[in-house]
Amino acid sequence: MNLTCIKPRILNRGFTLVELIVVILLIGILSISIAPRFFSVTSYQDRKASDELLSALRYTQQMAMARGGNIQLNLQNNNFTIEISGSGTDLRSPDGAPYPRFFDGVTTTTPGIYVFDGLGRRVPNTEIDITIGNKTIRIEQDTGYAHQL
C-alpha cells in the first residue's frame, strides 16, 4: 500500500476574520442604541448633586463643631451657601472655592436653612429628610449625622 497518495484532510474550525469583524460591529451598533435606555444623564446629575450636598452638610457640621456652633447651610432650589449664622459671612469650601454652588439641572423640593450647633446637632434637634432630584438625604436627630437613604 502506498501511503503517499493519501492527502491529509484539512479541518476547517473556527471563524474567519470577516465573520468576527461583522459580529463585533453588530454588537457595537446594538450597544450604542440600547445603552441610553439604561443610563440617563439625569440619574448622574441627581447623584452628583446629592453627593455634593451631602458633602456640604457634613462640612457644615464639622465647621460648627470646630468653631463652637452656629454654622448654617442655606439651601435654595438649585444652589446652596455655607455661612456663619446671623453674620452673612460666607465660608469657603474645603477646596477653597467660593459659594454658592449650583446644581446642574437638578432642583430640591426641600429648600431651607440648616443650622448646626457646637455638638454637631441640627438646630432644632429634629430628624429631617432633604430631597434633591430623585435622591433623599436624612439628617439624624441627636447626632446631626447626614446620610443618603
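Asp142 lies in the loop between E7 and strand E8 (146-148). Asp142 has a positive phi of about 75°, yet is not a glycine. This is a predicted model: local features need pLDDT of at least 70, side-chain atom pairs count only at pLDDT 80 or more, and totals for chains, interfaces and linings use all residues. Numbering starts from 1 along each chain as its sequence is written, and side-chain values use heavy atoms, with hydrogens and water left out.

Asn70 sits in strand E1. Its phi is near 60°, a positive value in a residue other than glycine. Asn70 is partly exposed, at 46% relative accessibility (buried is under 20% relative accessible area, exposed over 50%, partly exposed in between; 1.4 Å probe, protein chains only). The Val123 to Pro124 peptide bond is cis, with omega near 0°. Pro124 belongs to the loop between strand E5 (122-123) and E6.

## Fold

The protein has two helices and eight strands, in the order α-α-β-β-β-β-β-β-β-β from the N terminus. Helices (H or I, at least four residues) and strands (E, at least two) are DSSP runs, numbered from the N terminus. Buried residues form 29% of the 149 residues.

## Nonpolar core

The largest nonpolar core holds 24 residues (buried Ala, Val, Leu, Ile, Met, Phe, Trp, Tyr and Cys residues joined through side-chain atoms within 4.5 Å). Leu53, Leu57 and Leu73 touch the most other members. H2 gives the largest share, eight residues.

Leu53 touches Leu73, Leu75, Phe80, Phe103, Ile130, Ile132 and Ile137, leaving aside residues up to four places away in sequence. Contact means heavy atoms within 4.5 Å.
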